[in-house]
Amino acid sequence: MKRARIAWHGAIHAATVNDDLASFTLADGRNVPEAEVVWLPPVEPRTSFALGLNYADHAAELAFKAPDKPLIFLKGPNTFVGHKGFSRCPADVKQMHFECELVVVIGRQGKKIRPEQAYDHVAGYTVANDYALREYLENYYRPNLRVKNRDFCTPLGPWLVERDDVPDPMNLNLRSLVNGEVAQSGNTKDMVFDIPTLIAYISDFMTISSGDMILTGTPQGVRYLVPGDEVITEIDGIGSLSNRIIRA
């Protein structure tokens, strides 16, 4: 099942995405066409963990070795924007770069979770485009706030796909398209640290809770964007997330 959050008639609604992918069913049974809504991030953001250099090919293209332990930073809730939203490129930035990422959404609280139990704590999956503004990058191992925490610079969505509808999240093709042209491609099987390892690693030192998210990193493919570009990040079996760059 695909679940979304939408704004419609001045209110925020949790909704089920219908099979036509062009309409929603609200909790009270009303059907709403997509043309009438604003897409919101499918999960109301709580604690959001993001992985750096979690694909060896991406680390290599940046002239780095893959890390020995997960390289994790946090993202604030202000960074997220829904499907078909806009992300701003500051006037002094020439190196704004897309990053297609599988997002793991936690569904059950836990601490010190063993890898073999990790998927029991997963609610489902969605897609993120974790834009980086590389002029502001001080250190790939410690991305600073201006690189990864700008308002509305992480599109998320379009919906949440429930865990049981994704039989093997560690074997999904993912890609980014810029103005219709494929600019990045990879497969989640190439992660340095897989989903059970990440859940076990994080929960070893802190409690993870329902609604927390893990952005699992991006494969190789560096291409810089300009205002007006349309970027689509998509993952097979999860969804296709559209976003447009505008000038700040």
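Q: How far apart are the mean positions of the positive and negative charges of the protein chain?
A: They are 5 Å apart, for 26 positive and 31 negative charges. Lys and Arg count as positive, Asp and Glu as negative; His and the chain ends are left out. Each charge is placed at NZ of Lys, CZ of Arg, CG of Asp or CD of Glu.

Q: What kind of model is this?
A: The model is predicted: local features need pLDDT of at least 70, side-chain atom pairs count only at pLDDT 80 or more, and totals for chains, interfaces and linings use all residues. Numbering runs from 1 along each chain as its sequence is written, and side-chain values use heavy atoms, without hydrogens and water.

Q: Why is His 13 called buried?
A: Buried means under 20% relative accessible area (exposed is over 50%, partly exposed in between; 1.4 Å probe, protein chains only). His 13 has 17%, so it counts as buried. Buried residues make up 53% of the 248 in the protein chain.

Q: What does His 13 touch, not counting residues up to four places away in sequence?
A: Its partners are Ala 4, Arg 5, Ile 6, Trp 8, Leu 26 and Arg 30. Contact means heavy atoms within 4.5 Å.
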